[in-house]
Amino acid sequence: MPARSLRPCTHAGCSTLTVRGKCDAHRHAQEAQRGTSAERGYDATWRKLRAAYLREHPLCECDACQGGKVRVTAAQVVNHRIDIAERPDLRLEWDNLQSMSKAHHDAYTARTRGWGRANRA
Ligand SMILES: [Zn+2]
Ligand SMILES: [Zn+2]
């Protein structure tokens, strides 16, 4: 007799029974997805900090724009100047942040980190 009632995994289409939420496989898949270099550690504290930073630095601060000095481009994302994979301690460090437009951030990420990592098995 089961001690706890099992329910199907909440992942669409998955009928594996689990105690709560998602089955082990889907929970791990979700965590692996969250754990990609770009998303690692992006929690509520980070989201608040990012929003505050974007309010103070609304223009793209990439090398090509320099916060509106060279080019005026609206920023949508906040980049870490020093990658948090190298310095996780600088993740919430104001001085390590850099506003960027989505397009410029994508170009920067492609240039500096490549696109291979997210697809790693
Ligand atoms: Zn599942
Ligand atoms: Zn830019």
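1. The donor residues of the zinc ion (ligand 1) follow the spacing C-x4-C-x8-C-x2-H in sequence. They are Cys9 (SG), Cys14 (SG), Cys23 (SG) and His26 (ND1), at 1.9 to 2.4 Å. Donors here are N, O and S atoms within 2.8 Å of the metal (3.2 Å for Na, K and Ca); water is not among the atoms, so sites may look incomplete.

2. A word on the basis. This is a predicted model, where local features need pLDDT of at least 70, side-chain atom pairs count only at pLDDT 80 or more, and totals for chains, interfaces and linings use all residues. Residues are numbered from 1 along each chain as its sequence is written, chains are lettered from A and ligands numbered from 1 in the order written, and side-chain values use heavy atoms, without hydrogens and water.

3. Why is the arrangement around the zinc ion (ligand 1) tetrahedral? Its 4 donor atoms subtend angles of 104 to 119 degrees. Four donors count as tetrahedral if all angles lie between 85 and 135 degrees. Cysteine 9 and cysteine 14 are buried (under 20% relative accessible area; exposed is over 50%, partly exposed in between, with a 1.4 Å probe and protein chains only).

4. The zinc ion (ligand 2) is held by Cys60 (SG), Cys62 (SG), Cys65 (SG) and His104 (ND1), at 2.0 to 2.3 Å. The spacing is C-x1-C-x2-C-x38-H. Cysteine 62 and histidine 104 link distant parts of the chain, 42 residues apart. Cysteine 62 sits in the loop between helix H2 (44-56) and strand E3 (77-80), histidine 104 in helix H3 (residues 102-112). Both cysteine 62 and histidine 104 are buried.

5. Now the fold. The chain has 3 helices and 4 strands, in the order β-β-α-α-β-β-α. Helices (H or I, at least four residues) and strands (E, at least two) are DSSP runs, numbered from the N terminus. Of the 121 residues, 26% count as buried.

6. The whole structure holds 4 salt bridges (a side-chain nitrogen of Lys or Arg within 4 Å of a carboxyl oxygen of Asp or Glu). One of them joins arginine 27 to aspartate 24, with closest N and O atoms 2.6 Å apart. Both lie in helix H1 (residues 24-34), 3 residues apart, about one turn. Another joins aspartate 106 to lysine 102, at 3.0 Å. These two are 4 residues apart in helix H3, so about one helical turn separates them. Aspartate 89 and arginine 87 also pair, at 2.8 Å.

Methods. Four donors count as tetrahedral if all angles lie between 85 and 135 degrees; four count as square planar and six as octahedral if opposite donors are over 155 degrees apart and all others between 65 and 115; anything else is irregular.
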